[in-house]
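Please read it with the sequence and the structure open.

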Amino acid sequence: MTYRIVFDLDDVLCNLREPMSDALAKATGKRLAWQNWTTYDLSVLYGVGLDHCLSAFLEHEVLEHAKPEPGAVDAVRVCRELGCEVQVMTARGWHPNGDALTRSWLAAHGFVIDALAVVGLHESKAAAIGAAGGADFLLDDSPRHIQEVMDAGTVVTPVVLCRPWNKHVTNASRVRSNIEFCKLVMSRMAAEVVA
Ligand SMILES: [Mg+2]
């Protein structure tokens, strides 16, 4: 039994919240700890338009400054060693060079994956996953993407990576790290072998 696993990138495999909070502090003069980001909608928290946020992210090169989350490279490697197909799907389409930049970032940090999909900021991951034949797991921190795959039924097991902005999402499995997610995949696989 192999699974098709879709990993989100930002604030799942990499830490984008720290470079984003630095960029927003420089652009708005407002310094908010990401631990207090209680919504995914940063323009509401910072009181500026989305365009303003995105230009701050471009100007301060947040994607370039993102660091891998601890254990993320290993979690992806173990999933692939278990025979799973690993896709990274990110909504970095807002960045003019999002695709190429992401490919070189992944390679530079030692991520080996089967496929990368870059979708638009407001696009539906549920639809993109559905168009590709569905997936067994999606690990994401975005309440919207988790809800949309649940509504569309295109992912067997949607899993939320716990962040301050998704505490209210309680109708899906939750993990605290990529390694914990990996253990969930392994236990699902073991249960199916026994069954
Ligand atoms: Mg994310």
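Just after helix α3, Glu61 takes a positive phi of about 50°. The model is a predicted one. Glu61 is found in the loop between α3 and α4. Is Glu61 buried or exposed? With 12 C-beta neighbours inside 10 Å, Glu61 counts as exposed, because the limit for an exposed residue is 12 or fewer.

Helix α3 itself spans residues 50-59, and its buried residues include Cys53, Ala56 and Phe57. Seen down the axis of α3, the buried residues fall within an arc of 100°, so they line one face of the helix. Asp51 and Glu59, on the other side of α3, are exposed. The cover over the buried residues of α3 includes α1 (17-28), α2 (42-46) and α4 (62-65).

Asp11 also has a positive phi, near 60°, and is a residue other than glycine. Its place is in the loop between β1 (4-7) and β2 (14-15). Asp11 has 23 C-beta neighbours inside 10 Å and therefore counts as buried; the limit for a buried residue is 20 or more.

A positive phi is found after helix α8 as well: Gly153 follows this helix, with phi near 70°. The table lists the positive phi values.

| Residue | Phi |
|---|---|
| Asp11 | near 60° |
| Glu61 | near 50° |
| Gly153 | near 70° |

Helix α8 covers residues 143-152, and its buried residues are His145, Ile146, Glu148 and Val149. These four span an arc of only 165° around the axis, which puts them on the same side of α8. Among the elements that cover the buried residues of α8 are α7 (125-131), β6 (135-140) and β7 (155-161).

The next topic is the interior. In soluble globular proteins, nonpolar side chains tend to be buried together. In this chain, the largest nonpolar core has 45 residues. Those with the most contacts inside this core are Ile5, Val6, Phe7, Cys79, Phe137, Leu138 and Leu139. Domain 1 (4-15 + 67-194) and domain 2 (17-64) each give the core at least three residues. Which residues does Phe7 contact, leaving aside its neighbours within four places in sequence? They are Val12, Leu13, Val76, Val86, Val88 and Leu139.

The division into domains comes next. Domain 1 is made of two segments, 4-15 and 67-194, while domain 2 is residues 17-64. The C-alpha centres of the two domains lie 23 Å apart. Contacts between the domains involve 11 residues of domain 1 and 11 residues of domain 2. On the side of domain 1 that touches domain 2, six residues are nonpolar, three are polar and two are charged.

Finally, the chain as a whole. Its secondary structure comes to nine helices and eight strands. The radius of gyration is 16 Å, close to the 16 Å that the globule rule gives for 195 residues, so the chain is as compact as a globular protein of that length. Taken along the principal axes, the C-alpha atoms fill a box of roughly 55 × 35 × 30 Å. Of the 195 residues, 35% are buried. Among contacts with a separation of 6 or more, 62% join residues 24 or more positions apart.

Conventions:
Residues numbered from 1 in each chain as written. Predicted model: local features only at pLDDT ≥ 70, side-chain atom pairs only at ≥ 80, totals over all residues. Domains from an automatic or database assignment. Contact = placed C-beta atoms within 7 Å. Nonpolar A, V, L, I, M, F, W, Y, C, P; charged D, E, K, R; others polar. Helix = DSSP H or I, 4+ residues; strand = E, 2+ residues; numbered from the N terminus. Arc of directions from axis to C-beta. Rg over C-alpha atoms; globule rule 2.2 N^0.38 Å. Core = buried A, V, L, I, M, F, W, Y, C linked by C-beta atoms within 7 Å.
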